[in-house]
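Welcome! Open the model in your viewer, keep the sequence panel beside it, and follow the stops below.

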Amino acid sequence: MSTMKKIGILTGGGDCPGLNAVIRAVVTRAEQLEVEVLGVRGGWRGFLDNDTEVLTRARTRGILHEGGTILGTTRVNPFQEKGGAERVEAAVAAWKLDGLIAVGGEGTLSLASKFHDRGLCVVGVPKTIDNDLWGTEVTFGFDTAIEVATGLIDRLRTTAEAHERVMVVEVMGRHAGWIAIHAGLAGGADVVVVPERPTTVEEITKVVLMRRAEGKLFSIVVIAEGALIQEADAKEAHLVLTNKAPDAFGRPRLGGIGAHLAACIEDATGIESRVTVLGHVQRGGTPTARDRVLALRFGVRAMELLHEGKSGRMVALQADRIVDLPLNEATRQRKVVDAEWLALADIFCEGPALSKR
Ligand code: F6P
């Protein structure tokens with residue numbers, strides 16, 4: 001007999017298509033298990049500001065297909081506020097929560113893991129469009145992001161071809177180039193640049209010029225926002241940041257590398273080069289069916305784990321089965337694009353492996 005009577009749920013970090021599907025799944029399963037659900041608004045901030053909302057099936061009807069999160073999200077870190085962790089624990093006691101489901105990426109899940117170590121009963125649900133969380137083959141939101149990015153690359157291809165331009169497409173991907181590599185492969189990009197493999201401007205322009213010489217007068221270059229680029233006169237590859245202010249987790253606010261690269265290519269080749277930054281378009285809007293179903297599966301299992309009295313676990317997808325693993329294991333390292341994926345990309349696109357031509 002479970003002692004779980006009331007739980008909280010929060011969504012933290014950057015939003016991602018499928019968050020509402022998780023919330024719906026948790027609430028639906030909770031009601032079947034006779035557990036009440038309190039939504040904590042704005043991620044961990046809701047604990048500090050006493051900002052909550054009772055979640056019922058009625059409240060979570062009609063949200064499955066909606067992007068964003070009905071609970072809102074922030075990157076507030078209670079451990080950075082004076083007495084913040086204690087305030088979270090006091091709120092858990094005051095609201096009579098027996099457990100918490102934290103839906104988020106690396107930052108949110110690391111905080112969940114810290115609270116588990118302090119005695120809170122907490123289960124994590126992994127989310128990120130970047131798909132770079134360890135322990136799960138895929139996170140929901142990723143499929144939507146690559147669908148959006150691929151569709152937009154298809155559109156850019158026709159105009160690139162008409163004007164014989166180089167189109168640089170900047171996609172999201174802070175530490176990992178999963179979106180760039182998947183959308184690049186699906187969209188038939190000529191060059192894919194990912195954070196896992198620093199690239200020189202020369203290597204990229206070589207491809208563009210080689211294509212010209214072969215009569216292919218346009219090129220599509222897909223670059224992840226967190227990729228490292230090295231100019232001819234520079235000692236080492238570097239990030240490019242338009243906005244110097246860090247985000248709430250103290251991380252660099254990425255964005256700008258596409259424009260920088262387009263300028264470098266135009267300078268080096270004399271070919272008109274334009275940039276399109278896909279940005280938050282990849283994160284907004286309705287989730288794909290695949291993301292909705294994965295989010296529902298994660299939500300149901302997270303609720304069941306709490307009900308079984310398990311804590312400090314993260315739900316994950318492995319070999320198409322929903323499994324769970326220790327939160328601290330999942331947050332200890334990152335899942336980045338490996339050599340096998342880079343080799344696949346090199347068969348179709350041109351990376352630094354130009355020697356094959
Ligand atoms: O972590 C996911 C992500 O999409 C990263 O690729 C990107 O750097 C970040 O979110 C941007 O988030 P925000 O615009 O909310 O600061």
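Select K96 to begin: this residue sits in the loop between α3 and β4. Helices here are DSSP runs of H or I with at least four residues, strands are E runs of at least two, and both are numbered from the N terminus. You are looking at a predicted model, in which local features need pLDDT of at least 70, side-chain atom pairs count only at pLDDT 80 or more, and totals for chains, interfaces and linings use all residues. Residues are numbered from 1 along each chain as its sequence is written, and side-chain values use heavy atoms, with hydrogens and water left out.

**Stop 1**

Is K96 buried or exposed? K96 counts as exposed, because its relative accessibility is 63%. (Buried means under 20% relative accessible area, exposed over 50%, and partly exposed in between, with a 1.4 Å probe and protein chains only.) K96 also has a positive phi of about 60°, although it is not a glycine. For context, most residues other than glycine have a negative phi.

Now step back to helix α3, residues 84-94, and colour G84, A85, V88, A91 and V92, which are buried. They lie on the same side of α3, because they cover an arc of only 120° around the axis; the arc is that of the directions from the helix axis to the C-beta atoms. Turn to the other side of α3 and you will find A93 and A94 exposed.

**Stop 2**

Next, show the open sheet with the order β3-β2-β1-β4-β5-β12-β13, whose pairing is mixed. Two strands pair if DSSP finds at least two bridges between them. At the edges stand β3 (52-55) and β13 (321-326); each has a single partner strand, so one side of each is left without a neighbour in the sheet. On average, neighbouring strands of this sheet are turned by 30° against each other, direction ignored.

Zoom in on β12 (residues 313-318) and β13, which pair in the antiparallel sense over six bridges. Within this pairing, Q318 has R321 as its bridge partner in β13, and L317 has I322. The two strands form a hairpin with two residues between them, and A319 in the turn has a positive phi of about 50°.

α4 lies across β1 (6-11), β4 (99-104), β5 (122-126) and β12, and runs at about 160° to β4. Such angles run from 0 to 180 degrees between N-to-C directions, and axes are lines fitted to C-alpha atoms, for helices over the stretch in contact. Helix α9 (residues 289-307) packs on the sheet too, touching β1, β4, β5, β12 and β13, and its direction makes about 140° with that of β12.

**Stop 3: T331**

Select T331, in the loop between α10 (327-330) and α11. T331 counts as buried because its relative accessibility is 18%. Leaving aside neighbours within four places in sequence, T331 is in contact (heavy atoms within 4.5 Å) with E106, L109 and S110.

**Stop 4**

Move on to the open sheet in the order β7-β9-β6-β11, where the pairing is parallel. β7 (191-193) and β11 (273-277) are at the edges with a single partner strand each, so one side of each is left without a neighbour in the sheet. From one strand to the next, the twist averages 20°.

β6 (residues 166-171) and β9 (residues 219-224) pair in the parallel sense over six bridges, and V166 stands opposite S219 in β9. Helix α6 packs on this sheet, touching β6, β7 and β9.

**Stop 5: two packed helices**

Which residues meet here? W178, I181, H182 and L185 in α6 meet W341, L342, L344, A345 and F348 in α11.
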